[in-house]
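Visitor: I would like to learn how to read the features of a structure like this one, with the cut-offs behind each term. Could you take me through them in turn?

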Protein chains: 2
Amino acid sequence: MDFIRVIDGGFSVIENLKVSGAREGKYGVSIIVCPNSNASAVFTSNKVVAAPVKYTKNVLKKGRISAVFINSGNANCFTGQQGLDDCETLVKLVADDLKLPEDEIAISSTGVIGRQMPIDIISKVAYESLSKLGNRPENSLAAAKAIMTTDTFPKECAVEVTLTTGETVRIAGITKGSGMIAPNMGTMLSFIVTDAVINSDEIKMALKKAADVSFNMIVVDGDESTNDTCLMMANGASGINVVNDGKLDSNFQDALNYLCIDLAKKMARDGEGATKFIEANVCGAKDDEDARLAAKSIISSSLFKSAVFGGDPNWGRIVSAIGYSGCDLNPDTVTISIADDTDDVDLVRKGEILAFDDTPYLKRAEKVMQSKNITVNIDMYLGDGEATAWGCDLTYDYVKINAEYTT
Amino acid sequence: MDFIRVIDGGFSVIENLKVSGAREGKYGVSIIVCPNSNASAVFTSNKVVAAPVKYTKNVLKKGRISAVFINSGNANCFTGQQGLDDCETLVKLVADDLKLPEDEIAISSTGVIGRQMPIDIISKVAYESLSKLGNRPENSLAAAKAIMTTDTFPKECAVEVTLTTGETVRIAGITKGSGMIAPNMGTMLSFIVTDAVINSDEIKMALKKAADVSFNMIVVDGDESTNDTCLMMANGASGINVVNDGKLDSNFQDALNYLCIDLAKKMARDGEGATKFIEANVCGAKDDEDARLAAKSIISSSLFKSAVFGGDPNWGRIVSAIGYSGCDLNPDTVTISIADDTDDVDLVRKGEILAFDDTPYLKRAEKVMQSKNITVNIDMYLGDGEATAWGCDLTYDYVKINAEYTT
């Protein structure tokens, strides 16, 4: 897709946008200022919904956002009326400081569930963050860092897309993982801004499509969070309309998908305790939905994830995971290979097992499994369905991180 | 339920029954001889089905079993026609030795997927097992041991039940786990024999009911196996009919449930790498199905299981797991407590958080979380639905065991 160009600088590539991040201990605050942007979002499907999710859903009814406040360290979930009051307090703090309308400020939180917000310290960090607003690459990086919880590296991406009309617009985003990542977006926060002209309904449709092939196709542990939010804003700074005759420019959608997949893969790679990155490609499934079931089941299997950690090419666990995913499978036609940057080894070819005991296939497979990036390719030979999912291995450190989280 | 009496001796409490077990390295063979028994079974829901499952489903069409052959060490799954041929070879070996009809012999396997059966060594262990058949407690124990894979202790249970008519019959069973245990029976093999008179259709109904409240309510890692089998036989040795006027004696059903729950709990307790046993009781749910969703979601959450390993009373993860289970939940009415043998602490009472920061509730909860047996009680205050699920913590050793399984 040569109409997509990845560029450095995160949010700094978008005009009329200021961002910042500040942190004190485990509490971080990022602020995104994008006056009069059209906006839409996708949220967690968990029935327990954090206060900022409720609050922001309400703000978004107008489809207009001028700033976003994000804090890490406390999820403000299961915090009752006090939690909603705290959202208002923090939004008011930002509105007063920036002279923006309160009802155009969104709020997101990530961290521990069920503790009231330490409003004093978060307010203090908020003022510090406000004092650092800017439009340089380091401002974007600071914002990406301040929303991190157990993430080990900040995650940002920016692209310039040449539309089918020949004009160019830009999209930039930051995200954080990194545990509780599951289909339907376990604890992830993503914020995306484009300089394109596009209204909130059109953003909603484009974002839903992009999320379905990116954030909804990564799994770290299968847990879904109460706070997940992917919020996209369009500040129109480029003056270029990406919807013509009611139809979204297909290059724009592709570029948005690309950006979301890039951010999603960074989250999977940074799964809690992860040492290896896994991509599962399924093709030849009965249909796309079957392919998605199979790809996600492989990525979700604790047994396979443990095998990857151990470097064990246990394709039996791949077959088993596909088998219980609910998708159609014919053991006599399925083909399974694993690959890294240097080799691609068939383990099972149209139902025939190649990798067992002392075969050269097994030796090569064992070598592939030592790599940091492992791709599993499945061809079902049943139809045209295809999908890709991403995840990571299950490690001692995943257990350690989550055994020690709150106490 | 004072009509159920737990008795020692496993299968030895049933008359006209011989069992045995033998092992050489990782290959074990157990044999159960129960001539002319009525029989039925429940099997894995995985779409990849091992050869012995296909074979035994066919045998069971007649509803009559005279012996069961079980091997551990190789699952005989994804082994094509050779796998089915190997089933026939082993069944013939048993039939010839015991002078029993081939078409009344069931076969089960557990172990690595996708390797052909090492038929020579398994035949050798089979002959050794056949030479040890007997009806003493040590024979039953040997059978329970020979089917073990990563299990750390053998699992058997026997009960005597006083029927509503005042007569008594007995039920005994053995089982093995202990990874890949999930709803719909990830790698478990269970074999149950009763001396009651009951036909195969009635066994089928009773066994399905019992499995739904026992084997289908335990989770170790959410993976489902290709080989799961729970096979129940009735040899009629007591001469006592448990079905009268077309109705199964309710005490018999309760006793069968009790036995299956006992075996299921032993499996959960012996989950791979487990250091703690978790029971999740949900009541007040909208209906039983909702309660099952919630209870299983708690037991399945990698985050909560890691928290239990770490002794962290992280009730936020309990709420989150219920929230994404799909069941109805009102955060303002839910009550959550955790208990061990000595204490029962409310963490959340009708939506009010009690256990936070330095409250006495949190201190007591932290103490409970140090116990080996932890019970989570949830009251939704929404309806009459209730369910119980069982599981274990997620530990370094789970990862270790499964990172090293085949290589």
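Visitor: How many salt bridges does the rule find across the interface of chain A and chain B?

Guide: The general idea is that side chains of opposite charge can pair when their charged atoms come close. The rule asks for a side-chain nitrogen of Lys or Arg within 4 Å of a carboxyl oxygen of Asp or Glu, and across the interface of chain A and chain B it finds zero salt bridges. The elements that give two or more residues to the side of chain A that touches chain B are helix 8 (302-310), helix 9 (315-323) and helix 11 (396-403) of chain A, where helices (H or I, at least four residues) and strands (E, at least two) are DSSP runs numbered from the N terminus. By class, that side of chain A has 24 nonpolar, 19 polar and twelve charged residues; Ala, Val, Leu, Ile, Met, Phe, Trp, Tyr, Cys and Pro count as nonpolar, Asp, Glu, Lys and Arg as charged, and the others, Gly among them, as polar.

Visitor: What should I keep in mind about the model and its numbering?

Guide: This is a predicted model, in which local features need pLDDT of at least 70 and side-chain atom pairs count only at pLDDT 80 or more, while totals for chains, interfaces and linings use all residues. Residues are numbered from 1 along each chain as its sequence is written, chains are lettered from A and ligands numbered from 1 in the order in which they are written, and side-chain values use heavy atoms, with hydrogens and water left out.

Visitor: What is the area buried between chain A and chain B?

Guide: Buried area is the accessible area (1.4 Å probe) that two parts lose on being put together, summed over both. Between chain A and chain B this area is about 4,500 Å², with carbon and sulfur atoms giving 60% of it. Of the area that chain A buries against chain B, A:Lys47, A:Phe78 and A:Leu303 supply 16%, more than any other three residues. The contact, defined by heavy atoms within 4.5 Å, takes 55 residues from chain A and 55 residues from chain B.

Visitor: Which salt bridges link distant parts of chain A?

Guide: One of them joins A:Arg5 and A:Glu160, whose closest N and O atoms are 3.0 Å apart. A:Arg5 belongs to strand 1 (residues 4-6) and A:Glu160 to strand 6 (residues 155-162) of chain A, 155 residues apart. Buried means under 20% relative accessible area, exposed over 50%, and partly exposed in between (1.4 Å probe, protein chains only), so A:Arg5 at 45% is partly exposed, whereas A:Glu160 at 15% counts as buried. Another is the bridge between A:Lys124 and A:Glu24 (2.5 Å, N to O), which ties helix 3 to strand 2 (residues 18-24) of chain A over 100 residues. A:Lys124, at 49% relative accessibility, is partly exposed, and A:Glu24, at 31%, is partly exposed as well.

Visitor: How many salt bridges are there over all chains?

Guide: A search of the whole structure finds 30. Among them is the bridge of B:Lys155 with B:Asp151, at 2.7 Å between the closest N and O atoms; B:Lys155 is buried at 0% relative accessibility, and B:Asp151 is buried at 7%.

Visitor: How does the span of helix 2 of chain A agree with its number of residues?

Guide: The expected span of a helix is 1.5 Å times one less than its number of residues. The 19 residues of helix 2 (residues 80-98) of chain A should therefore span 27 Å, and the end C-alpha atoms are 28 Å apart, which agrees. Its buried residues include A:Gly83, A:Asp86, A:Cys87 and A:Leu90, and what covers the buried residues of this helix includes helix 1 (51-59), strand 4 (64-74), strand 5 (105-112) and helix 3 (119-130) of chain A. Just after helix 2, A:Lys99 takes a positive phi of about 55°.

Visitor: Is B:Asn76 buried or exposed?

Guide: B:Asn76 counts as buried, at 1% relative accessibility, and its place is in the loop between strand 4 (64-74) and helix 2 (80-98) of chain B. The side chain of B:Asn76 reaches the backbone oxygen of B:Gly83 at 3.0 Å.

Conventions. A polar contact is a pair of N or O atoms within 3.5 Å; within protein, one must be able to donate a hydrogen and the other to accept it, and residues adjacent in sequence count only if both atoms are side-chain atoms.
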